[in-house]
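Dear colleague,

Please find the structure below.

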Amino acid sequence: MSPTFSSLQIRNYRLWFAGAFVSNVGTWMGRVGQDWLVYTQLTDRSSTALGLVTGLQFLPFLLLAPWAGVVVDRFRTRTVLLVTQSVLLLTSLLLAVLVLTDTAALWHVYALALAQGVATAFDNPARATFVSEMVPRDRIANAVALNSASFHGGRLVGPGVAGLLIAAWGTGLTLALNSLTFVVVLGSLLLLRTRELLPHPTLQLTKGALRAGLRYVNARRDLQLVMGLVFVLGTFGMNFQVTTALMATTVFDKGPEAYGLLGSIMAVGSLSAALLAARRGTPRLRVLLLALAGFAVAAGAAALAPTYVLFALALVPVGLTSLTAMTTANAMVQLRVVPEMRGRVMALYMAIFLGGTPFGAPLIGWIGAAFGARWTIGIGSLAVALSLGAAVWWLAREENVRVSFESHRRPRLLVTSTATEDDDGPRTLVPEAAR
């Protein structure tokens with residue numbers, strides 16, 4: 001089997017991957033359906049309401065992350081996932097019923113978005129940690145990348161299907177089909193061979209368990225650097241639920257089919273990045289830095305695109321670079337923590353990556369209303385570029401690291417140390433801040 005798909009040789013991971021893919025298709029259908037419901041049916045195209053719904057979905061990440069990490073470290077990850085997926089099934093089904101019976105109100109969507117956010121705050125770190133329980137350590141990076149491929153493969157299919165279903169049969173059916181996909185992922189969890197799992201050491205609840213996780217991250221500058229970069233990317237650059245809806249409707253005057261198609265087009269780049277990451281192997285700091293630089297350029301081009309077609313084409317490199325940054329950062333963090341801390345660290349990582357969205361999404365919505373839809377994407381490009389410049393400056397100042405580009409032989413980004421013990425000149429390495 002190709003190295004790109006090596007983790008699929010493991011039965012448990014293969015079952016999980018298949019169930020998660022079906023669920024991911026439904027999740028993207030549900031996101032498009034929810035956003036279209038809020039933006040065109042429950043409000044008069046209010047970007048503020050759309051941003052608020054997105055913010056409510058991610059607010060629990062910020063508030064509950066430390067406790068979510070303790071729960072994931074304390075209980076079997078499979079059990080946590082069975083509970084969270086069941087809650088997501090029930091909340092999704094309830095929203096579908098409200099829409100199909102024509103009784104849905106905006107406050108219903110707000111409340112259910114918050115409830116789903118609470119479940120997802122526990123679900124996401126559990127999903128991230130579960131990878132290391134299904135595959136051996138030397139395949140963790142590959143499995144993380146394939147998880148991203150599953151997620152963005154769903155993104156490739158889901159939004160386009162959702163747009164067609166909304167146009168043909170309405171939003172309610174789209175949301176109902178999303179609910180059914182959760183049954184598939186629950187089935188895959190129940191079919192796993194538990195004796196073949198590699199469970200992490202179970203945390204004994206003590207008074208200082210939460211603080212121990214925070215102290216661990218506080219002592220690791222390498223983790224802080226990665227988390228700082230993904231915070232800016234997640235808060236200002238990854239609000240595609242808001243930005244693509246605004247661009248499609250207010251700038252290019254398109255309907256649900258064209259809006260849904262944008263998500264699928266972006267997923268072409270995202271899926272390509274995930275497959276490349278699965279083949280790449282060991283995650284490296286230079287890949288993260290280069291991906292963020294590429295995102296800043298691609299997002300800037302998308303913000304300035306004069307036509308719908310050019311905007312859609314610009315979303316391919318946006319998806320490619322953003323997903324490369326996400327999978328690289330995720331794998332870097334997972335491989336650099338001890339197993340007994342992984343749940344708490346990954347919960348904190350998820351909180352930092354997604355927890356800025358409750359502030360970023362409403363802010364992006366306000367920017368769209370005040371300055372126009374193009375600025376909702378442009379602000380992300382500027383923010384990521386500034387954070388990247390700050391990271392390079394910090395590496396040079398605090399870690400004696402120089403970032404350069406080598407154009408001869410094989411073009412590549414170099415991350416080099418300028419302070420070695422034997423003082424025999426710079427050499428390419430992964431600096432202390434990225435080990």
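Axes here are lines fitted to C-alpha atoms, for helices over the stretch in contact, and angles run from 0 to 180 degrees between N-to-C directions. Helices are DSSP runs (H or I, at least four residues), numbered from the N terminus. The model is predicted: local features need pLDDT of at least 70 and side-chain atom pairs count only at pLDDT 80 or more, while totals for chains, interfaces and linings use all residues. Residues are numbered from 1 along each chain as its sequence is written, and side-chain values use heavy atoms, without hydrogens and water.

Helix α2 (residues 47–74) packs against helix α13 (residues 342–354) at an angle of about 175°, their axes being 7 Å apart. The two are therefore roughly antiparallel, a term for angles over 145 degrees. In contact (heavy atoms within 4.5 Å), F58, F61 and A65 are among the residues of α2 that meet α13, whose partners include R342, M350 and L354. The residues of this contact comprise 10 nonpolar, 2 polar and 3 charged; Ala, Val, Leu, Ile, Met, Phe, Trp, Tyr, Cys and Pro count as nonpolar, Asp, Glu, Lys and Arg as charged, and the others, Gly among them, as polar.

Just after α3, D102 takes a positive phi of about 60°.

Yours sincerely

Methods
Angles under 35 degrees count as roughly parallel, over 145 as roughly antiparallel, 65 to 115 as roughly perpendicular and the rest as oblique.
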